[in-house]
Amino acid sequence: RDRYQRRVRGFKIRMTTSVLLLILLFGLVTGTRVGNGTNPCGFLKYVQCDSRWARNPLGTSTSDTVCSAGCAMTSVSMLMATKGYEINNEPINPGTLNLWLTKNGGYIDTDLILWNSVHAFGTVHMVEYVDSLTSAQLRAFLSSGCKNAIVVNVRGGTHWVLVTGYDDTDSNKFYVNDPYFAVDYYVLSDMLKFVVYAY
């Protein structure tokens with residue numbers, strides 16, 4: 001499903017050793033920043049079925065919830081939170097972003113995200129929505145010095161994830177923050193649509 005947002009303030013996370021340990025233990029639940037070879041820009045990770053927002057209606061839908069259909073919105077919340085955007089003086093997360101989108105025309109057809117609605121938050125904006133990118137093009141975006149973020153459609157068009165990095169030894173393997181499934185990469189042939197953002 002598709003999603004998008006608006007204006008924000010800077011929220012920066014500083015890590016101590018204790019915080020890093022907590023990140024390693026509770027990253028999937030709390031939303032954490034992890035920087036390594038698979039995630040060089042340190043994209044935060046959120047899961048759509050986190051109990052804090054899992055049962056919230058997605059947009060104005062009477063059947064879909066953040067847990068059942070909020071993969072695209074959750075992926076966008078990760079790239080926004082990583083860059084320090086806030087809503088009402090709090091870091092963006094799937095719960096706050098979903099509410100903001102609902103109140104500010106960020107969904108169409110009750111719960112399909114308008115990808116560029118987040119431009120209202122400041123410099124972040126959608127560059128393009130395309131059906132295909134080559135491996136070289138995708139790797140170039142990911143090598144831009146953390147100036148881009150890419151949300152991709154996978155699993156036969158049923159799911160959205162945030163791309164976080166690529167494999168240096170396999171040009172078709174790309175690492176992701178998957179908001180629902182316990183996987184950390186997809187291959188290029190799994191990817192059907194690409195939403196490219198710039199900061």
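These notebook entries record what I looked up in one predicted model.

**Entry 1. The chain as a whole**

I began with the secondary structure and found 5 helices and 14 strands in the chain. I then looked up burial: 51% of the 199 residues count as buried. For the contacts, I took those with a separation of 6 or more, and residues 24 or more positions apart account for 65% of them. The accessible surface comes to about 9,600 Å². Carbon and sulfur atoms hold 53% of that surface.

**Entry 2. Strand E14 and its partners**

Which strands pair with E14? I found strand E9 (residues 125–130), joined to E14 by 5 bridges in an antiparallel arrangement, and strand E10 (residues 148–154), antiparallel to E14 with 6 bridges.

**Entry 3. Phenylalanine 194**

Within strand E14 I selected phenylalanine 194. Is this residue buried or exposed? I recorded a relative accessible area of 1% for phenylalanine 194, so it is buried, the cut-off being under 20%. I then listed its contacts, leaving out residues up to four places away in sequence; among them are Glu128, Tyr129, Val130, Leu138, Ile150, Val151, Val152 and Leu188. For tyrosine 129 I also looked up the C-alpha separation from phenylalanine 194, which is 5.6 Å, although the two residues are 65 apart along the chain.

**Entry 4. Strand E12**

I asked how many residues of strand E12 (residues 173–177) are buried. The count is 5 of 5, and therefore E12 is largely enclosed by the rest of the structure. In a regular strand, side chains alternate between the two faces of the sheet. I accordingly checked each side of E12: Lys173, Tyr175 and Asn177 are buried on one side, and Phe174 and Val176 are buried on the other.

For the pairing of E12, I found 4 bridges to strand E11 (residues 159–166), in the antiparallel sense. E11 and E12 form a hairpin, with 6 residues between them. Glycine 165 has tyrosine 175 in E12 as its bridge partner. Strand E13 (residues 185–187) also pairs with E12 in the antiparallel sense, over 3 bridges; here I noted lysine 173 opposite valine 187.

**Entry 5. Cavity**

Rolling a probe the size of a water molecule over the atoms shows where empty space is left. I found 1 cavity of 30 Å³ or more, and the largest cavity has a volume of about 30 Å³. Which residues line the largest cavity? I listed Cys41, Phe43, Phe141, Leu142, Ser144, Cys146, Lys147, Asn148 and Thr164. The lining divides into 5 nonpolar residues, 3 polar and 1 charged.

**Entry 6. Positive phi values**

One of the lining residues, cysteine 146, has a positive phi of about 65° although it is not a glycine. I located cysteine 146 in the loop between helix H5 (135–142) and E10. Its relative accessibility is 25%, so cysteine 146 counts as partly exposed.

I noted a positive phi for aspartate 109 as well, near 50°. Aspartate 109 lies in the loop between strand E6 (107–108) and strand E7 (112–113).

Note on methods. Residues are numbered from 1 along each chain as its sequence is written. This is a predicted model: local features need pLDDT of at least 70, side-chain atom pairs count only at pLDDT 80 or more; totals for chains, interfaces and linings use all residues. Side-chain values use heavy atoms; hydrogens and water are left out. Helices (H or I, at least four residues) and strands (E, at least two) are DSSP runs, numbered from the N terminus. Buried means under 20% relative accessible area, exposed over 50%, partly exposed in between (1.4 Å probe, protein chains only). Contact means heavy atoms within 4.5 Å. Accessible areas come from the Shrake-Rupley method with a 1.4 Å probe; for residues, only the protein chains shown count as cover. Two strands pair if DSSP finds at least two bridges between them. On a 1 Å grid over the protein atoms alone, a cavity is a set of points where a 1.4 Å probe fits but cannot get out, and a pocket is an open set with protein on both sides within 12 Å along at least five of seven lines; lining residues have an atom within 4 Å of a point. Grid points are joined across faces, edges and corners, and a volume is the space filled by probe spheres set on the points. Ala, Val, Leu, Ile, Met, Phe, Trp, Tyr, Cys and Pro count as nonpolar, Asp, Glu, Lys and Arg as charged, and the others, Gly among them, as polar.
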